[in-house]
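Me: I am new to this structure and would like to know what the terms used for it rest on. Please set each value against its definition.

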Amino acid sequence: MHKGIKSSARRRRLEGALIGTTALLTFLVSSRTELYERLHAELTRYEGFQADELVFVLLSVLAGLAVFSFLRWREARSELMSRVAAEHALQQLAARNRELAQTLIGLQEAERRRIAHELHDHFGQSCNAIRIDAVFLRTTLPSASSEQAAAARIAETADELYQTVRGLLYELRPAALDSLGLVGALQSLCESWEERSEVSCALLPSGELGELGEQISIALYRIVQESLSNVMKHAHAGHVRIMLHGKPESGRVDLTIEDDGIGHDVARVRAGLGWLGMKERASMLGGSLSIGQSRLGGVLVTCSIPCRPPAEQDEEDTQ
């Protein structure tokens with residue numbers, strides 16, 4: 001905004017200098033050629049028509065036009081300043097909304113992590129203890145007795161509950177992100193999703209994907225997770241392809257998810273919370289996310305995110 005104001009002031013000074021130079025040249029030319037005397041002599045011939053008075057009429061018209069132009073210029077300047085101020089306020093509001101969204105998603109991830117720990121430490125351990133006791137009873141009770149069969153059923157149920165808890169833990173907090181990194185976690189996600197959905201899923205990583213940071217890794221993981229969930233619910237697809245490409249030269253990482261399902265009309269289908277959450281995750285990191293038609297026939301999700309979050313970039317810029 002400051003650059004715009006300085007440029008506008010410089011332009012006004014140049015215009016003022018041009019007007020002053022033109023007036024000075026006009027005065028010099030008029031003085032050298034005695035323009036007014038010649039014009040007055042010519043108009044004197046038409047005194048009967050009061051033509052010599054036209055000079056003052058034209059001067060009055062020019063003065064009126066100058067006043068009119070000044071008033072319009074002042075109004076335009078006031079409107080321009082108002083628009084600049086409104087754009088500045090919108091930029092501040094957008095930055096504030098991005099900070100709030102980032103805080104909200106951070107709290108959401110923290111709450112998921114807390115619930116995952118609670119499930120693992122209490123519910124999961126309790127299921128494991130029940131299963132161990134049931135197995136002990138099954139081995140010590142008389143063979144082929146009803147008590148032994150009940151113990152076997154308890155052990156089986158406890159094992160199913162434990163597997164359910166493991167699935168919930170994976171959904172809440174993908175531990176593979178910490179142990180395997182982003183690519184390993186996505187590969188694990190693809191394999192587990194492929195088993196559940198019976199839909200082929202291929203992950204194609206490329207480029208530099210080494211140090212993206214926790215925020216970007218979680219955002220990309222959640223976007224892939226939500227996209228795969230949508231494919232399972234709506235796409236009726238037989239194949240999903242996920243491409244993750246890190247571009248050090250541009251400082252961005254690109255994610256593409258496409259399927260060969262039935263697709264959907266973006267203009268007619270109302271975006272749900274899942275789509276909005278995906279876009280919000282990309283936006284809060286200074287990236288973008290769009291949904292379109294895949295070359296395979298289904299839905300195409302494209303996401304591009306800077307390799308460094310905006311907050312880290314701002315901190316480096318201020319240093």
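Reply: Buried means under 20% relative accessible area, exposed over 50%, and partly exposed in between, with a 1.4 Å probe and protein chains only. Helices (H or I, at least four residues) and strands (E, at least two) are DSSP runs, numbered from the N terminus. By these terms, the buried residues of α4 are Gln148, Ala151, Ala155, Ala158, Val165, Leu169 and Leu172. The model is predicted, so local features need pLDDT of at least 70 and side-chain atom pairs count only at pLDDT 80 or more, while totals for chains, interfaces and linings use all residues. Residues are numbered from 1 along each chain as its sequence is written, and side-chain values use heavy atoms, with hydrogens and water left out.

Me: What do the buried residues of α4 pack against?

Reply: They pack against α3 and α6. Contact here means heavy atoms within 4.5 Å.

Me: What about the span of α3?

Reply: Helix α3 covers residues 54–140, and its 87 residues should span 129 Å; the end C-alpha atoms are 125 Å apart, which agrees. There is still a bend in α3 of about 35 degrees, at Leu119. A bend at a residue is the angle between axes fitted to the seven residues ending there and the seven starting there. Leu119 is also one of the buried residues of α3, which include Ala101, Ile105 and Glu109.

Me: How does the span of α5 compare with that of a straight helix of 22 residues?

Reply: A straight helix of 22 residues would span 32 Å, but α5 spans only 20 Å between its end C-alpha atoms. Helix α5 has a kink of about 105 degrees, centred on Leu182. Leu182 is among the buried residues of α5, as are Ala185, Leu186 and Leu189. The cover over the buried residues of α5 includes α4, β1 (200–207), α6 and β2 (239–247).

Me: Why are α5 and α6 called roughly parallel?

Reply: Angles under 35 degrees count as roughly parallel, over 145 as roughly antiparallel, 65 to 115 as roughly perpendicular and the rest as oblique. Axes are lines fitted to C-alpha atoms, for helices over the stretch in contact, and angles run from 0 to 180 degrees between N-to-C directions. Helix α5 (residues 176–197) and helix α6 (residues 214–235) pack at about 5 degrees, with axes 11 Å apart. The pair is therefore roughly parallel. The contact of α5 with α6 has 13 nonpolar, 4 polar and 1 charged residues. In this count Ala, Val, Leu, Ile, Met, Phe, Trp, Tyr, Cys and Pro are nonpolar, Asp, Glu, Lys and Arg are charged, and the others, Gly among them, are polar.

Me: Is Ser217 buried or exposed?

Reply: Ser217, which lies in α6, has a relative accessible area of 13% and is therefore buried. Leaving aside neighbours within four places in sequence, Ser217 is in contact with Leu177, Leu182 and Leu212.

Me: How do you know whether Ile305 is buried or exposed?

Reply: The relative accessible area of Ile305 is 0%, so Ile305 is buried. Ile305 is in strand β5 (residues 299–306). Not counting residues up to four places away in sequence, Ile305 touches Ile216, Leu220 and Val253, among others. Ile305 and Val253 are 52 residues apart along the chain, yet their C-alpha atoms are separated by 5.5 Å.

Me: Why is Gln91 called exposed, and Glu34 partly exposed?

Reply: Gln91, in helix α3, has a relative accessible area of 54%, so Gln91 is exposed. Glu34 lies in the loop between α1 (2–33) and α2 (35–44), and at 46% counts as partly exposed. Phi of Glu34 is positive, near 50 degrees, in a residue other than glycine.

Notes: Expected span 1.5 Å × (residues − 1).
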